[in-house]
Amino acid sequence: MSRDLAPHDVFRPQVLNENDPGDAAELTRLRADARIEVVDLRAGLRAELRRIHRAPDADPADDRWVYYPWRSALLAVVGAQGFNAIRLDRNRNKLTVAEQRRLRGRTIGVIGQSSGHEIAYVAALEGICGRLRLADADIVELSNLNRIPGGLFDIGLNKCVVTARRIAELDPYLPVEVFRAGVDDDSIDEFLQGLSVLVEACDSLDVKIAAREAARRHRVPVLMETNDRGLLDVERFDLEPDRRPFHGLLGDVDVAALRGLATRDKAPHVMRILDATQLSPRFAASLAEIDESVTTWPQLAGEVALGAATIATALRRIGLDQPLPSGRVRVDLERALDELAEPLVADPLSGVPPVLAVEPSTSVERILHSIERAPSGGNAQPWAVRVDGEVVHISLDPDRSSAMDIGFRGSAVALGAAMHNARVAAAAVGLLGSSEIVLGGESPVSVTLRLGSGTDPDLAADYPHMLGRETNRSLGTGAPLAPDVLDTLARAAAADGARVYAVADETGIAEVADLLAEADRVRYLTDHLHTEMFGELRQPDEDLRTGLDVRSLELTADEQAKMRIGARADVMAYLRDWSGGRALGEYLRDRVLSSAAVIAIGFPANEGLAGYVKGGSAVERVWIAAQKLGLAVQPVSPVFLYARNADDLRDVSAAFTDTLASVHKRFSALMRIPGHEQVALVLRLSYAPAPTVRSARLPVLGSGNDR
Ligand SMILES: Cc1cc2nc3c(=O)[nH]c(=O)nc-3n(C[C@H](O)[C@H](O)[C@H](O)COP(=O)(O)O)c2cc1C
């Protein structure tokens, strides 16, 4: 107290600009005063500013010296813009920079500086207002310090002054106005002038009524938190100027007439506002003891802090035009704690029932089983298989399509892979005949395989490898591609008239990783694609015969945690709004970066769906060939893969059409895919540990798996 050079009513710090001659003279005087401590915080603040993402510049010309007379201290800080950027950085993105800027345009008034102290201080802490107006006529006493977070040095000071000083020590740039005489009929209009929201936290019924009448006149919303069972009242006089005060709880009583009544006569009305039946038992019992064994109604600091948190939440909603209707709610911590319960501990990787796979026994069963084992996007198995005498029909089932499967092109690729598998099996069992791709009819495209008596030693030799083909989503070792691999794969593709386009150098892989990650980000941020992506995932205790077993994603522990966030559509909506979500592409980026090569299997563009079927056959050949060379294979379908034009892209993701068009173009250029070629599938090849699980299938009738 001895260091306090200020009169008791001073609450505003002096903000001084060294470049202003008047301020400079004042600074010289202050520095010369040996009682005043001088602290320059600027170097530390600038260092903090440099650590912040997307920080504004802090022009030294904006720096200020701030003199706190009640502290006998002179501090140097960076200018307001840099200061706010640092102090409010950790709000982001519970509050974005734009939202903080918007909220800074708000003026908040708080009547009553007992529980109102905490309310005003939390509003300042959160940075959700640009000006505060405080009213209270009382001084701080020791008995207030069970809930006002002040200290012994504040005793005897006006409550508004105490709050205002504390806020000034937090943010010297935030203007605070005080009504040290409190508010009454004469001053209430001045208090309400220009307010965005009024928080009423006083204990006088007269002032409560006057405040609401004025708020109606000025069309200012009123918030009130009564520190018992977290009771919050919202009165949107801004939206409903004719709304009755206190939600009409006082009935037909002439509200104005209540003013001036004796305390005893006011009590029944106060009880109607508070709703006696809903008070906490301790509060209600304490009321009965007032003037007997207790002095006044009780309030706890924790409940006051909760009230400030509730009010801050309501202030943010009003300030950001988010829904907050008039009404009443209890944020009841006691009740919440009564509901304490053990959380559900779900370990997705435990209690795994094995998937039964029955070995096929007859030749036809072997062929049908091979069809069943074909790869398909999301393991959708978009085929219907029918055996008609000596002919096996594999037709495309349009009901198993998805948004990324534009024009059934992805399904056609799966059909092509199934066709190749069937031919490999037919060769192995000596039943190889001719095959044909049929467009139209009941299905957009289908394949017929005529069982003959032929074979093909190369195809037959692939039989065990075809059955062992699998998607491997493990992270690769990063080892480079062995020599001659690409030539071998190109030969495999050429057997179906397709080509392999590859990127196998470190720089190229890094670039392609970025592009594929960006396409994956779009997949997360586009509602229907996100829904489909997570709709495909199966927990081990679910039916695994379709979709992707989560274990096959080979998620590391931190990826599993991230995936739980990534699965939430509400979180994705925010990331979309903020143009964020780069991290969403990390799963794929890391996998591509760990790869030895990324290849695209291309085929002539003029062949329509039949081309995609042939392309799918080529994909399967290349996949099997790569695995034979010890490589792990994972398709990495960018969302634009099967788009042919801008309309297709719009259907995939209306919000990201331009992004996708640009990524598609850069991808084709990087992979050197000529305009006259289309891509059946993109695969990443790596040297990696074996996958954790084998994917399961729905039984194809007659494959043996349906027994
Ligand atoms: C057209 C097509 C697109 C695919 N896209 C992806 C993909 O983007 N990411 C992925 O991890 N797997 C992809 N796959 C692999 C399938 O998910 C996989 O084939 C299916 O789940 C069956 O598993 P399996 O290949 O291990 O037998 C794709 C497969 C096909 C045929």
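In this predicted model, helix α5 passes helix α6 in a right-handed crossing. On the α5 side, the contact is made by His117, Ala120, Tyr121, Ala124 and Leu125. On the α6 side, the residues are Val162, Thr163, Arg166, Ile167 and Leu170. By class, this contact of α5 with α6 divides into seven nonpolar, two polar and one charged residues.

I turn next to the pair α2 and α3. Helix α2 covers residues 42-50 and helix α3 covers residues 80-87. Their axes lie 10 Å apart, and the packing angle is about 60°. That makes α2 oblique to α3. The crossing of these two helices is left-handed. The classes in the contact of α2 with α3 are four nonpolar, one polar and one charged.

Helix α15 spans residues 409-428, helix α24 spans residues 608-628, and their axes are 6 Å apart. What is the angle between α15 and α24? The two helices pack at about 55°, which makes α15 oblique to α24. Their crossing is right-handed. Helix α15 contributes Arg409, Ala412, Val413, Gly416, Ala417, Met419, His420 and Asn421. These meet Leu609, Tyr612, Val613, Gly616, Ser617, Val619, Glu620, Arg621 and Ile624 in α24. Sorted by class, the contact of α15 with α24 holds nine nonpolar, five polar and three charged residues.

The domain assignment gives domain 1 as residues 1-87, domain 2 as 93-247 together with 298-333, and domain 3 as 363-686. How far apart are the C-alpha centres of domain 1 and domain 2? Those centres are separated by 27 Å. Between these two domains, 24 residues of domain 1 are in contact with 19 residues of domain 2.

There is also a record to mention. An unreviewed UniProt entry carries the annotation "domain: THIF-type NAD/FAD binding fold" for residues 89-223. In the model, residues 89-223 are 37% helix and 15% strand, and the end C-alpha atoms of this span lie 27 Å apart.

Finally, I come to the backbone. Most residues other than glycine have a negative phi, and most peptide bonds are trans. Which residues does a cis peptide bond join? The bond lies between Arg92 and Asn93, with omega about 0°. Asn93 sits in the loop between α3 and α4, the latter being residues 97-103.

Two residues other than glycine deserve mention for a positive phi. For Arg219, phi is near 55°. This residue belongs to the loop between α8, residues 205-218, and β9, residues 222-226. For Phe408, phi is near 60°, again a positive value in a residue other than glycine. Where is Phe408 placed? Phe408 lies in the loop between β13, residues 391-396, and α15, the helix whose Arg409 takes part in the contact with α24.

Technical notes: Residues numbered from 1 in each chain as written. Predicted model: local features only at pLDDT ≥ 70, side-chain atom pairs only at ≥ 80, totals over all residues. Heavy atoms only, no water. Axes fitted to C-alpha atoms, helices over the stretch in contact; angles between N-to-C directions. Helix = DSSP H or I, 4+ residues; strand = E, 2+ residues; numbered from the N terminus. Parallel < 35°, antiparallel > 145°, perpendicular 65-115°, else oblique. Left-handed = near helix turned anticlockwise from the far one by under 90°. Nonpolar A, V, L, I, M, F, W, Y, C, P; charged D, E, K, R; others polar. UniProt positions renumbered as here; feature names shortened; annotations may be inferred. Domains from an automatic or database assignment. Contact = heavy atoms within 4.5 Å.
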